[in-house]
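Trainee: Please take me through one part of this model in detail: the charged side chains that pair up. Then set that part in its surroundings.

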Amino acid sequence: MNGLNRKRLRGFGVHAILMTGVVVSVFPFYWIVVMATNTSQDIYSYPPKLWFGDNLLTNLRHLFAKMDFFGSLGNTMIVAVCTTALVLFFDSLAAFAFAKYEFPAKKFLFGVLLSMYILPTQLAIIPQYEIMVQLGWLGTLKALIVPAAANAFGIFWMRQYTSTSVPDELLDAARIEGAGFFRQYWHVVLPCVRPALAFLGIYTFIGAWNDYILPLVMLVNPDKLTLQVALAQLYAGHSTDYSMVMSGVLLSVIPLVMVFTFFARGFIADATKGALR
Amino acid sequence: MSSSPVAGPAPTGPTSGPDTGPLGQPAPDPSRGPGRRAPRIRPVSAAARPGPRRRVLRHWPQYLAISPYYLIFSVFMLFPVLYTVYLAFQKWDGIGEMQFVGLQQFRFLWDDPVFWMSIRNTLVIWVLSTVPMLFMALVLAVLVNSTKRFTAFYRVCLFIPSITSLVAIAIFFGAVFSNNFGLINAILRGLHLSAVPWMSNEWTIKLVIAALMTWQWTGYNAIIYLAGLQAIPSELYEAARMDGAGPVRIFFSITIPLLRPIILFSVVISTVTGLQSFTEPQVLFGSDASTNPNSGGPGQAGLTTLLYFYHQAFDNNDFGYGAAIVWAFFLLILLIVALNWWLVQRKERRP
């Protein structure tokens, strides 16, 4: 009886510590909502207001007056969707070639791909900026989408999945039917690798949505910013009206959290698998 | 390139006739008997090996499939990285003529107190964030692993900070740690303690940035460790328990050694990402217009090396010096990662 009690007590302690971790992880989201739904005065007053208020609409009205929120949202959407589509297509196609075919210089090319993975993007950013100036892409969304389409991690990830999950028999059957490389890719490989594409898609989308340094450098026109850059500038410019800024932060975080919670389980499992490789 | 391990010996089999006919149709393959169409690509073990040139040509769909990555990578990454090396030896404002200055940029860098301060800031923030982050991640992972209830809930909640945008979280931390109005100072005042000027003191600035990074990545590392813990076979634990090992002994003799590769992974990743902190101070102190928005806050206490790089390259238009900073910084990261690697590997060899 005593031992049972002690065991239960220990279990309780474990959950108490874990719940503390959960509260710390989730608290910012709660507090962002609190700030976004109250006036700045409510939060600055002493003691501060700790519960949701009814000022969200006013905050949003101020926000929309101060920044082109939907324009920035649209830009972010375009960048994230186009980047994701390109990465999914290019990476699954390249992964198919690397996983299921032998061709001269394959190992060398794949080795190049893996070793270049460690190069930090900041090393390239000054010449990238100059290239965009030369191409006339500076200030356009192309300057963000096209460089991001080369994704070594995605090829590596898709290759691992393709080599184990696409049965050779199926490819052989397609070959006997006369299907060439690209028909095999479209009709056999793509349906087989859908789970891996889902993870890579969410991962790329989140990354593109959250990117900051590249848009900061490339988007030189103040009327064509992505959400992250626009919010950072709004914060820098109007740092005292926290409630208004927080309503923008809230709107920028909601889509991401929704996508994530919808796919969370599979996404986390895949993310750890990718890391453990 | 032609010295790839894939390349086989000289052609031995029948190679007469084109491999691919018009419209890319595969030609009949004599080695496969009449009427059979050859697969466009044969495995390496196939008896017939065509000549090197033709071998490359017949694989055109594969090369086409992988070419987008290599094209984009070459233009927007490889060439720029190499060009950055070249730039580091030039003086250039981005518009006028380039001027070769040799090692002058690096000599200046060596004597630049702001550069060294930015390195110190980066290293301090990295240590302040990585050490508690990885320790707490290990504790959380072991705890989640020890329980069977709510594990999915814990995983989702712990993972969610790592997908949140850094800008949103930096703004949040800026608001919560604000000197005058922040929640933290309100709580301190409520407890009759004196408020802390978080955003203007040399050490608390670093602390806030480190706390931000710790908040964002602790759960992620915990989930990674958890996956590693679950891969440890339970028989090992049972055997140890039978031999009379206590929980502490089991933790240090089984859990930690078997988790070592994953710990190494997380240390390397945390080092690489932690040393590259840029967005945190840039957003947090972007409002400090009194000096320069990218100067890293009061006393430049939040000036990380990448922020200094950005400041030199894109505020001062000193592209040559920016290139020198970012290359010196990259070499430093490599050095620290190698040092990490060496330390962890060395521990492994110890009996």
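**Paired charges and their setting**

Mentor: Start with Asp172(A): its relative accessibility is 36%, so it counts as partly exposed. Here buried means under 20% relative accessible area, exposed means over 50%, and partly exposed is what lies in between (1.4 Å probe, protein chains only). The model is predicted, so local features need pLDDT of at least 70 and side-chain atom pairs count only at pLDDT 80 or more, while totals for chains, interfaces and linings use all residues. Residues are numbered from 1 along each chain as its sequence is written, chains are lettered from A and ligands numbered from 1 in the order in which they are written, and side-chain values use heavy atoms, with hydrogens and water left out.

Now the partner. Asp172(A) meets Arg175(A) in a salt bridge, at 3.2 Å from N to O. The term means a side-chain nitrogen of Lys or Arg within 4 Å of a carboxyl oxygen of Asp or Glu. Side chains of opposite charge can pair when their charged atoms come close. Both residues sit in helix H9 of chain A, three residues apart, about one turn of the helix. Helices are DSSP runs (H or I, at least four residues), strands are E runs of at least two, and both are numbered from the N terminus.

Helix H9 of chain A spans residues 168-176. Asp168(A) also has a partner: its side chain meets that of Lys100(A) in a salt bridge of 2.9 Å, N to O. Lys100(A) belongs to helix H4 (residues 69-100) of chain A, so this pair ties together parts that are 68 residues apart in sequence. Asp168(A) is partly exposed, at 42%.

Over to chain B. Glu202(B) and Lys206(B) form a salt bridge at 4.0 Å, N to O. Both lie in helix H8 (residues 202-230) of chain B, four residues apart, about one turn of the helix. Glu202(B) has a relative accessible area of 38%, so it is partly exposed. Lys206(B) has 2%, so it is buried. The linking goes on to Arg120(B): this residue, Glu202(B) and Lys206(B) are joined in a network of salt bridges. Over all chains, the count comes to six salt bridges.

Next, charges that gather with like charges. Arg6(A), Lys7(A), Arg10(A) and Lys148(B) make up a patch of positive charge on the surface. A patch is built from residues with over 30% relative accessible area and no salt bridge; like charges are joined within 9 Å, and nonpolar side chains (Val, Leu, Ile, Met, Phe, Trp, Tyr) within 5 Å. Lys and Arg count as positive and Asp and Glu as negative; His and the chain ends are not counted. A charge is placed at NZ of Lys, CZ of Arg, CG of Asp or CD of Glu. Lys148(B) is in the loop between helix H4 (113-146) and helix H5 (151-163) of chain B. Its relative accessibility is 78%, so Lys148(B) counts as exposed.

There is a nonpolar patch too. Met19(A), Phe150(B) and Phe153(B) form it on the surface, with about 290 Å² of accessible area together. Accessible areas come from the Shrake-Rupley method with a 1.4 Å probe; for residues, only the protein chains shown count as cover. Met19(A) sits in helix H1 (residues 2-37) of chain A and is partly exposed, at 36%. Phe153(B) lies in helix H5 of chain B and is partly exposed, at 40%.

Along its principal axes, the C-alpha trace of chain A spans about 75 × 75 × 35 Å. Of the 277 residues in chain A, 52% are buried. One of the chain's helices, H6 (residues 125-135), holds Ile131(A), which is buried at 14%.
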